[in-house]
Amino acid sequence: MDIGALVPNFTLPDETGTPRSLGKFLAHGPVVLFFYPAAMSGGCTKEACHFRDLGAEFRAADAQRVGISPDAPDKQRTFSERHGFDYPLLSDPEGKVARIFDAHRSWGPLQAKRKTFVIGTDFRLIDSIKSEVNMNAHADRALAALGRSAKA
């Protein structure tokens, strides 16, 4: 997906099983959508906690953080409760949304790639971030993209 491309709307269940749509999130400001391979794994915990720890900075940018993994809502709820996440975690067990964002892995035990997308309220892609090894890069670069977007 190229910068400036329109991102399609989608709906997935959150950690409580409640259906949540990208469009409803975007009605309240830009969205930072991050895909992670597995709830409660070491790298994913570090990445998701970094997004949590930068909550004030994302709120200052009027941006919402939304995590997505192939994990079931119950596992997402446990992950969220264990680490005090203040943002929703969506469940994409079949990888339908991950495929839209080229974040689905077709080989190996992990079904999702570690990718982050910054999406403007007009459904246009502002930036995309990919790093499988630098867990802090996703939140840090998303904040930088939001800052650049606000100045444009």
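Which residues does Arg 141 touch, not counting residues up to four places away in sequence? I started my notes with this one, keeping in mind that the model is predicted.

**Arg 141.** I listed the contacts and got Asp 127, Ser 128 and Ile 129. I placed Arg 141 itself in helix H6, which covers residues 137-151. Asp 127 turns up again in my strand notes, as the bridge partner of Val 118. I then checked the accessibility of Arg 141: the relative accessible area is 40%, so I put it down as partly exposed. I also took the C-alpha to C-alpha distance from Arg 141 to Arg 77 and got 26 Å, for a pair 64 residues apart in sequence.

**The sheet.** Next I traced the strand order. I read an open sheet of five strands, E5-E4-E3-E6-E7, with mixed pairing. At the edges I found strand E5 (89-91) and E7, each of which pairs on one side only.

Helix H2 (residues 42-53) packs on it and touches strand E3 (31-35), E4 and E6. I noted about 165 degrees between the direction of H2 and that of E3. Helix H4 (residues 73-83) lies across E4 and E5, and I have it running at about 165 degrees to E5.

**E6 and E7.** How many bridges join E6 to E7? I counted five, and the two strands run antiparallel. I wrote down two of the partners: Val 118 goes with Asp 127 in E7, and Ile 119 goes with Leu 125 in E7.

The hairpin has five residues between the strands, and I stopped at Phe 123 there, where phi is positive, near 70 degrees. That made me note the residue type, as this is a positive value in a residue other than glycine. For the loop limits I have strand E6 (115-119) on one side and strand E7 (125-130) on the other.

**Asp 62.** I found another positive phi in a residue other than glycine at Asp 62, near 55 degrees. I located Asp 62 in the loop between helix H3 (55-60) and strand E4 (64-69). With 54% relative accessibility, Asp 62 goes into my notes as exposed.

**Cysteines.** How many disulfides does the structure hold? I got zero. Cys 44 is in no disulfide, and the nearest cysteine sulfur, in Cys 49, is 11 Å away.

Cys 44 is buried, at a relative accessible area of 2%. Cys 49 comes out as buried too, at 13%.

Terms used: Residues are numbered from 1 along each chain as its sequence is written. This is a predicted model: local features need pLDDT of at least 70, side-chain atom pairs count only at pLDDT 80 or more; totals for chains, interfaces and linings use all residues. Side-chain values use heavy atoms; hydrogens and water are left out. Helices (H or I, at least four residues) and strands (E, at least two) are DSSP runs, numbered from the N terminus. Buried means under 20% relative accessible area, exposed over 50%, partly exposed in between (1.4 Å probe, protein chains only). A disulfide is a pair of cysteine sulfur atoms within 2.5 Å. Two strands pair if DSSP finds at least two bridges between them. Contact means heavy atoms within 4.5 Å. Axes are lines fitted to C-alpha atoms, for helices over the stretch in contact, and angles run from 0 to 180 degrees between N-to-C directions.
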